[in-house]
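Thanks for coming. I will go through one structure, starting with the interface between its chains and then turning to details inside each chain.

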Amino acid sequence: MKSDQMDGGRSAIESSSRRAHENTNNEASRSQVSDGEGASEPFAIEMNGLGFTYSSGESEGSTRAGQPAFSLRGVNLAIPKGTVSVVIGPSGCGKTTLLRCMTGIIPSIIKGSLFGSVKLNGREIAGRGNGESGSSAIAGPNEISLTAGLVMQEPDHQIFMTTVEDDIAFGPENRMAAPGEIRAEVNACSRFVGLPSRLTDDPSTLSGGGKQRLAIAGILASAPDILLFDEPVGGLDDSGRAMFATLICELKEIGKTIVIVEHDYEEFSYADVWILMKHGEIISAAPPNETDRGLLEGELWR
Amino acid sequence: MNAGARGLRCLDPRPKLAMMATVSTLCLLTENIAFLLAALCALFVTLAAGRADFALLRRRCRTIFILIISLFVIQSIFAAPASKSIAETYGGLAAAITGGSDTPLIHIGGLSLLHTSGVLLASVLALRLLIVVVSAQIVLEGEVRDYMLAFTQMKLPYELAFMVVMGLHFLPILREEALNAYHCMQLRGVDFKKSSPAAKTKAYAGLCLPMLVGTLRRADEMSVAMELRGLRAMPGRTYMRRLTMNSVDIAATLIWPAALVAVFMILTNR
Ligand SMILES: Nc1ncnc2c1ncn2[C@@H]1O[C@H](COP(=O)(O)OP(=O)(O)O)[C@@H](O)[C@H]1O
Ligand SMILES: [Mg+2]
């Protein structure tokens with residue numbers, strides 16, 4: 001059972017890797033037209049002087065008198081391709097906002113004032129790309145999703161089809177994959193996350209953990225180069241967490257770039273980098289064994 | 001198509017849509033009582049042969065029963081006497097039953113209420129309403145996702161299919177949000193049960209806004225999630241599944257509507 005599961009997952013991930021590779025070629029030819037940058041770019045994600053303030057609501061910075069209500073400030077980040085990064089920080093420190101900037105939700109859909117620039121695989125997705133003053137969206141989230149996929153915090157909000165299999169197939173269908181290929185991908189991804197017997201069930205009949213697994217399978221089947229997870233193991237039991245750890249290792253093996261936002265950092269000791277965030281700023285980015293334990297266990301959470 | 005399904009459930013969505021479209025169009029084209037009865041019979045026979053869920057149909061009919069009865073009463077009382085003859089408008093069957101003349105049925109003083117033609121008109125409306133509800137049951141014997149696929153295979157834009165499906169999807173969400181708002185207001189001390197009718201109306205009106213806001217927020221998040229999975233990122237879209245019509249499906253698409261049209265022609269003398 002276990003090895004069967006793993007095999008299924010591997011073939012899923014390999015086939016998606018193949019398609020992602022084709023996609024990278026498309027991407028490269030596309031970006032050559034726009035700005036001449038190619039696939040030789042070493043960084044999957046680059047953020048330069050990134051700052052963001054939501055145009056509605058209060059945020060972290062507003063508690064400090066006389067300062068603007070920013071959610072992100074002065075974020076400089078360069079995540080090399082094929083690495084696993086874990087973003088750690090107290091609730092409200094801007095982790096979700098950071099992921100939103102990586103997927104184009106900010107500034108395309110959620111409005112606010114954005115400073116600095118964001119690049120995915122060397123291609124600018126937000127910044128001063130069009131020469132106007134102020135930052136703007138250069139690519140829409142749907143186009144960006146071909147490069148970077150996000151599993152959001154709330155599984156209920158990202159499941160919308162009427163059966164489990166249709167929901168997993170949604171991404172590959174949007175990428176115009178061949179029907180046979182989509183079926184193979186759906187079978188493999190559902191087996192990997194442990195939902196192979198629920199394919200024709202209504203997703204609303206799944207448990208919280210089941211929905212979490214489905215949300216993960218949906219992004220896995222979409223096969224982006226960069227996978228972003230916003231608190232993915234919160235609703236999972238022990239076997240779900242083991243599944244997730246295996247998944248991350250296999251994704252890394254085939255060269256995917258992974259960013260995980262999570263509180264329980266200890267279980268991600270296999271990550272390449274731990275990124276510590278506080279009040280919308282990055283205060284440390286280092287391999288787990290070089291991360292300041294005092295900071296991690298005390299200062300960060302105060 | 002669906003492994004364990006039987007009867008109407010394993011029929012392709014397209015014949016079912018064809019049946020519903022034909023019967024609901026034809027029943028609007030005539031007031032001929034005999035045809036309307038025949039159409040209703042045809043629907044019941046189809047549902048029975050297709051092993052439809054009659055318990056569900058009964059429940060739905062019960063909820064519109066009050067509507068039908070009140071429409072019937074109002075229509076039959078207020079309808080003006082017909083200008084054309086009963087046989088001409090409602091067909092030979094109606095003429096035979098009523099004796100063919102438009103007579104007032106109730107007199108209060110010198111005022112004649114309720115004419116034969118009023119009762120007939122009300123019957124036509126009630127029958128039409130029933131036909132629509134019963135024919136919808138034929139379509140309901142199937143999966144939402146199959147209709148969505150059928151729409152796209154009929155070359156309708158997939159956005160349209162998604163819109164329909166999202167609409168269906170949001171019905172339970174609307175209910176969930178309403179319950180949410182209801183519980184929140186209860187917790188804040190709003191009493192839905194004991195207060196006066198006026199206070200009650202006010203309390204229920206207070207439900208609308210949070211319910212609407214909650215649903216819109218969900219819709220918003222859902223549309224973001226769809227974008228994040230690459231909706232409209234490419235010029236087109238492919239589909240994992242494809243519906244194929246077998247000989248039974250093709251026969252049902254052609255024969256059922258054709259037979260109903262034939263009955264229509266005969267009974268209405270066209
Ligand atoms: N949609 C939004 N509108 C306004 N403010 C927001 C919105 N989302 C988050 N914020 C604010 O931005 C700050 C960072 O939030 P978030 O990125 O969600 O933090 P985390 O994911 O680390 O808990 C918080 O102070 C929060 O109140
Ligand atoms: Mg968050």
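The area buried between chain A and chain B is about 3,000 Å², and carbon and sulfur atoms give 62% of that. Buried area here is the accessible area, with a 1.4 Å probe, that two parts lose on being put together, summed over both. The contact takes 39 residues from chain A and 28 residues from chain B, where contact means heavy atoms within 4.5 Å.

Before going on: this is a predicted model, where local features need pLDDT of at least 70, side-chain atom pairs count only at pLDDT 80 or more, and totals for chains, interfaces and linings use all residues. Residues are numbered from 1 along each chain as its sequence is written, chains are lettered from A and ligands numbered from 1 in the order in which they are written, and side-chain values use heavy atoms, with hydrogens and water left out.

Between chain A and chain B there are 4 salt bridges, a salt bridge being a side-chain nitrogen of Lys or Arg within 4 Å of a carboxyl oxygen of Asp or Glu. Arg229(B) forms a salt bridge with Asp167(A), and their closest N and O atoms are 3.3 Å apart.

Over all chains, the structure holds 22 salt bridges. Asp237(A) and Arg213(A) form a salt bridge, with the closest N and O atoms 3.5 Å apart. Asp237(A) lies in the loop between strand E8 (226-230) and helix H8 (238-253) of chain A, and Arg213(A) in helix H7 (residues 208-222) of chain A, so the pair ties together parts that are 24 residues apart in sequence. Helices (H or I, at least four residues) and strands (E, at least two) are DSSP runs, numbered from the N terminus.

Now chain B. How do helix H7 (residues 158-187) and helix H8 (residues 197-228) of chain B pack? Their angle is about 135°, and their axes are 8 Å apart. That makes H7(B) oblique to H8(B); the oblique class is what remains after under 35 degrees (roughly parallel), over 145 (roughly antiparallel) and 65 to 115 (roughly perpendicular). Axes are lines fitted to C-alpha atoms, for helices over the stretch in contact, and angles run from 0 to 180 degrees between N-to-C directions.

Two backbone details to finish. A cis peptide bond joins Ile106(A) and Pro107(A), with omega about 10°, and Pro107(A) is found in helix H3 (residues 105-108) of chain A. Arg51(B), a residue other than glycine, has a positive phi near 50°.
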